[in-house]
Amino acid sequence: MYQSIMYGAERGGLKIDRAAAAALNKSYTEEINVLRDNLRMLGLTNPGSSVVVENALREMGFEPEEFSPAGNARMDKIVLKKLESAKGPLAAAAGDLIKWRRLTKWRTVYCDKLVDAAGDDDIVHPSIRTHGARTGRSSVTNPPIQTIPKKKETRDLFIADEGCELWSVDYNSEEARILANASNEPELLRVFVEGD
C-alpha cells in the first residue's frame, strides 16, 4: 500500500513556480556576492577551496585541532561554528563562510536543479525510494524535495493545483513521538504535548 502511494506521488509530481524560483535565485545570488566580497576582503579569495580557506584562517590565528586523512584541517560547519564564537576577523570570516556555503548550496539545489528537473508543464517528478535511507526512511532525490529548508521562501517554490492545497509536514523527532505514543509513557507524552 505504502509503495503504491509513493509511486502515485512520484508519477503525479509537484508543480513549481518558476517565477518564484527565479526571484529566489536572484536574491540568493545578490547575497552570495556580498558575502564573497566580504570574504575576499578577509583574504578568502576562493571560499569554495578548502585549502584557500584553511590558509586564510590560519593567517587570522586559527589553529586546527582536527584533520582529514589527507592531513588537511577539517573545515566543516562544526569547526566553523566554533570559530564564529571567536572575536575579530576570524569570527566574521567563519560566519560569512557558513552563510556563503549554505546559500550557494540552496541556490544550486533548490533553485537551479528544481527548475532543471521540471518539464514544460512545470511539474517535477522526483525519484522516491521507499527504503532509500540507511535508517529505513524513504529518500527523495532528483531533486531532493524532502530536504528543502523550512523557510517560507523555499516552500513557496511549490504550488498546488487548482482546487487543491499543499501541506508541509515536519517529521521532527518522528521515532521518539511514535515511541511515546506506543508506550503511553506519561513523561514522554508530556514532553511532546507541553514542549520542553
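The following legends describe close-up views of a predicted model.

**View A. Packing of helix α2 against helix α5.** Helix α2 covers residues 18-41 and helix α5 covers residues 89-117. Their axes lie 9 Å apart, and the two helices pack at an angle of about 155 degrees. Because angles over 145 degrees count as roughly antiparallel, α2 is roughly antiparallel to α5. The crossing of this pair is left-handed. On the α2 side, the contact is formed by Arg-18, Ala-21, Leu-24, Asn-25, Tyr-28, Thr-29, Glu-31, Ile-32, Leu-35, Arg-36, Asn-38 and Leu-39. Their counterparts in α5 are Ala-93, Asp-96, Leu-97, Lys-99, Trp-100, Leu-103, Thr-104, Trp-106, Arg-107, Cys-111, Asp-112 and Val-115. Sorted by class, the contact of α2 with α5 holds 13 nonpolar, four polar and seven charged residues.

**View B. Packing of helix α4 against helix α5.** Helix α4 is made up of residues 77-84, and its axis comes within 7 Å of the axis of α5. The two axes cross at roughly 140 degrees, and the crossing is left-handed. From α4, the residues Leu-80, Lys-81, Leu-83 and Glu-84 take part in the contact. They meet Leu-90, Ala-91, Ala-94, Gly-95, Leu-97, Ile-98 and Arg-101 of α5. Seven residues of this contact are nonpolar, one is polar and three are charged.

**View C. Packing of helix α7 against helix α8.** Residues 174-183 form α7 and residues 186-194 form α8. The axes of these helices are 8 Å apart, and the packing angle is about 130 degrees. That angle makes α7 oblique to α8. The crossing of α7 and α8 is left-handed. Helix α7 contributes Ala-176, Arg-177, Leu-179, Ala-180, Asn-181 and Ser-183 to the contact, while α8 contributes Leu-188, Leu-189 and Phe-192. By class, six residues of the contact of α7 with α8 are nonpolar, two are polar and one is charged.

**View D. Lining of the second largest pocket.** The volume of the second largest pocket is about 160 Å³. The pocket is lined by Phe-62, Glu-63, Pro-64, Glu-65, Glu-66, Arg-74, Val-79, Lys-82 and Leu-83. This lining comprises four nonpolar and five charged residues, with no polar ones.

**View E. Backbone at Asn-142 and Pro-143.** Most residues other than glycine have a negative phi, and most peptide bonds are trans. The peptide bond from Asn-142 to Pro-143 is instead cis, with omega near 0 degrees. Asn-142 is not a glycine, yet this residue has a positive phi of about 55 degrees. Asn-142 is located in the loop between β4 and α6. Pro-143 lies in that loop as well, where β4 spans 139-141 and α6 spans 152-155.

Conventions
Residues numbered from 1 in each chain as written. Predicted model: local features only at pLDDT ≥ 70, side-chain atom pairs only at ≥ 80, totals over all residues. Heavy atoms only, no water. 1 Å grid on protein atoms, 1.4 Å probe; cavity = no way out; pocket = protein on both sides within 12 Å on 5 of 7 lines; lining within 4 Å. Points joined across faces, edges and corners; volume = space filled by probe spheres on them. Nonpolar A, V, L, I, M, F, W, Y, C, P; charged D, E, K, R; others polar. Axes fitted to C-alpha atoms, helices over the stretch in contact; angles between N-to-C directions. Helix = DSSP H or I, 4+ residues; strand = E, 2+ residues; numbered from the N terminus. Parallel < 35°, antiparallel > 145°, perpendicular 65-115°, else oblique. Left-handed = near helix turned anticlockwise from the far one by under 90°. Contact = heavy atoms within 4.5 Å.
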